[in-house]
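Subject: A structure to look at

Hello,

Please open it and keep it beside you as you read.

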Amino acid sequence: MLRRPVPRHQRPGVAAERGVRPWAGSWLLWALLLIALVGSRALGAARDTARPAPAEPSHLRVHFIDVGQGDATLLETPNGKRLLIDAGPPEEADRLLAYLRAQGVSRLDAVLISHPHADHIGGLLAVLTAIPAAVVYDPGIPHATTTYRRLLEWIDRHDLPYRLARRGTALALDPAVSMTFLHPAGEPEGDVNDASAVLSVRFQQVSLLFTGDIGADVEAQLLARGEPLASDVLKVAHHGSRTSSSAAFLAAVSPRYAVIFAGARNPYGHPHPEVLARLQRAGARVFVTARDGTLLLESDGRRLSLTPARTAPATASARR
Ligand SMILES: [Zn+2]
């Protein structure tokens, strides 16, 4: 079941999933559950202290997993920690699980929900049921859909530590890799896509930017706030929709590689040709999962390679 992007004029709280009612239409329930999750789990955040630096840092590996029209990224740090960012649409959950198992993933050290649309969280309950996770980061966007409610209830029922993704918060996973949220800056309100968690990942001289499904308005906010946007690799926002990836934003990020999650023959026409042109003008080499399948990034902290996972990795590219 593909969910259509929520129109910008649509107010939060309106159930966007076709055929799915907001849970009893009650925002109070959602708010209480979120408060309960944050209140009972947020205390754990203070215990995120830096671990000793590794003697011999190895490689960073990032799998941009082809899940059709949706996002799913597995990030493996040099010290063997694993972060899953989004989990694709529900109909691709089996394929995602099979990929994770093929990679030997028996535990996730952290899971990040970029935002609660079904093409990002649809497969997450299946993943969490099959593979234990240590903590979930979530921007905590009011979004009354059955999919999200069930997910939050499952997290609560299983006492899974739950932390809010907020600007300035670090996702402490591995001292070798710095991960910081650049957005949302405060309590999310308004458009769900625009409240997506934006995560900056830095490993020595290599940097990645994950943008969820933010639109051009948020890109402008990030620019205005002077956030450190320059990154070697950009997870392109919103599947390459023309409503994101403004020329000014791409100029600031200046990515060498751009990854677009999009399904073959998706009904939205993603990625839009204008975005592909803007990315090319920005100097990025563009990969699209619909065409290239799952992509694998490998880096030693100085050089990086990004190649379709079904082919042998090419020679590591020189860094800029
Ligand atoms: Zn999406």
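Below is what I found, beginning with the ground rules and then going through the strands and helices.

Residues are numbered from 1 along each chain as its sequence is written. This is a predicted model, in which local features need pLDDT of at least 70 and side-chain atom pairs count only at pLDDT 80 or more, while totals for chains, interfaces and linings use all residues. Helices (H or I, at least four residues) and strands (E, at least two) are DSSP runs, numbered from the N terminus.

Let's start with the open sheet. It has eight strands in the order E6-E5-E4-E3-E2-E1-E13-E14, with mixed pairing; two strands count as paired if DSSP finds at least two bridges between them. The edges are taken by E6 (162–164) and E14 (304–308); each has a single partner strand, so one side of each is left without a neighbour in the sheet. On average, neighbouring strands here are turned by 15° against each other, direction ignored (axes are lines fitted to C-alpha atoms, for helices over the stretch in contact, and angles run from 0 to 180 degrees between N-to-C directions). Within this sheet, E3 (residues 82–85) and E4 (residues 110–112) pair in the parallel sense over three bridges, and Ile85 has Leu112 in E4 as its bridge partner.

Next, have a look at strand E8 (residues 198–203), where five of the six residues are buried, meaning that 20 or more other C-beta atoms lie within 10 Å of a residue's own; exposed means 12 or fewer, partly exposed is in between, and C-beta atoms are placed from the backbone. E8 pairs antiparallel with E7 (residues 178–183) over five bridges, and five bridges also join E8 to E9 (residues 206–210), again antiparallel. Ser200 is a handy landmark: its bridge partners are Thr180 and, in E9, Leu209. The hairpin of E8 and E9 has two residues between the strands, and Gln204 takes a positive phi near 50° there.

Now for the helices. In H6 (residues 216–224), Val218, Glu219 and Leu222 are buried. They cover an arc of only 105° around the axis, which puts them on the same side of H6; the arc is that of the directions from the helix axis to the C-beta atoms. Just after H6, Gly226 takes a positive phi of about 70°.

Finally, Ala248 lies in H7 (residues 247–253) and is exposed, because 11 other C-beta atoms lie within 10 Å.

Best wishes
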